[in-house]
Amino acid sequence: MSHCEPLSIEAVAPLTGVCGTALLRTPTGPRRAENVHVGDLIVTRHNGLQPVRFIWKSVLKDRIADNPDSAAIRIARRGVGPMMPQQTVALAPDQQILVPSYLLSEVAGTGALLKARALAGHADDVWVDRTMDDATFYDFGFDRHEIICVSGLPVASYRPVAARIGDLPADMRDRLVRRYPQLREKRDPFPSCPYETAGDEAYMPSPT
């Protein structure tokens, strides 16, 4: 087996990821995001246990100075649905959540991916949290685009596509391409997981 250099990138972008205290589901039980390492096995929704291939660490503070809408989104226990999440959790504003179709307009199937920011403002249990401006958020990459369980909330893993990494500093881009050499060969080497992406206006939370 060839040795893979662990890839852990620290940057202020992108605006995805979960807070360090969020709990990821592993074969040995829940583990805080800040304690997950490259190579650790994580339970995925469709492909069983999958090893973490890289971890992207981001801080929102510098982006918030230019755009106040870049602040974290805090979701209280059961803020999305039954046991979703199982405990209060903070997400970066563009982190995609798998939201059940009964909470979305004009979405077929079991659900669709929706940015965390789209949930804020509809009820008191989802809000913009400016206390997290200095916090580190963790985004996890696998061999494919996965859905993982974070504190009971199904969220999408990082999806490395050419359009997304084009603006990265050269050294970070080179490290990502070394991890995923297919990025050199294909425009979209990582197809999205089997859910459509819903627009922010699609969210229709249940009345309280």
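Biologist: Of the 46 residues in the largest nonpolar core, which touch the most other members?

Modeller: This is a predicted model, in which local features need pLDDT of at least 70 and side-chain atom pairs count only at pLDDT 80 or more, while totals for chains, interfaces and linings use all residues. Residues are numbered from 1 along each chain as its sequence is written, and side-chain values use heavy atoms, with hydrogens and water left out. A nonpolar core is a set of buried Ala, Val, Leu, Ile, Met, Phe, Trp, Tyr and Cys residues joined through side-chain atoms within 4.5 Å, where buried means under 20% relative accessible area with a 1.4 Å probe, protein chains only. The members that touch the most others are Leu-24, Ile-75, Ile-97, Leu-119, Phe-137, Phe-140 and Leu-153.

Biologist: How many disulfides does a search of the whole structure find?

Modeller: Cys-19 is buried, with a relative accessible area of 2%, and Cys-149 is also buried, at 15%. A disulfide would require a pair of cysteine sulfur atoms within 2.5 Å. Across the whole structure, the number of disulfides found is zero.

Biologist: What share of the residues of the chain count as buried?

Modeller: The chain has three helices and 15 strands, taken as DSSP runs of H or I with at least four residues and of E with at least two, numbered from the N terminus. Of its 208 residues, the share that count as buried is 50%.
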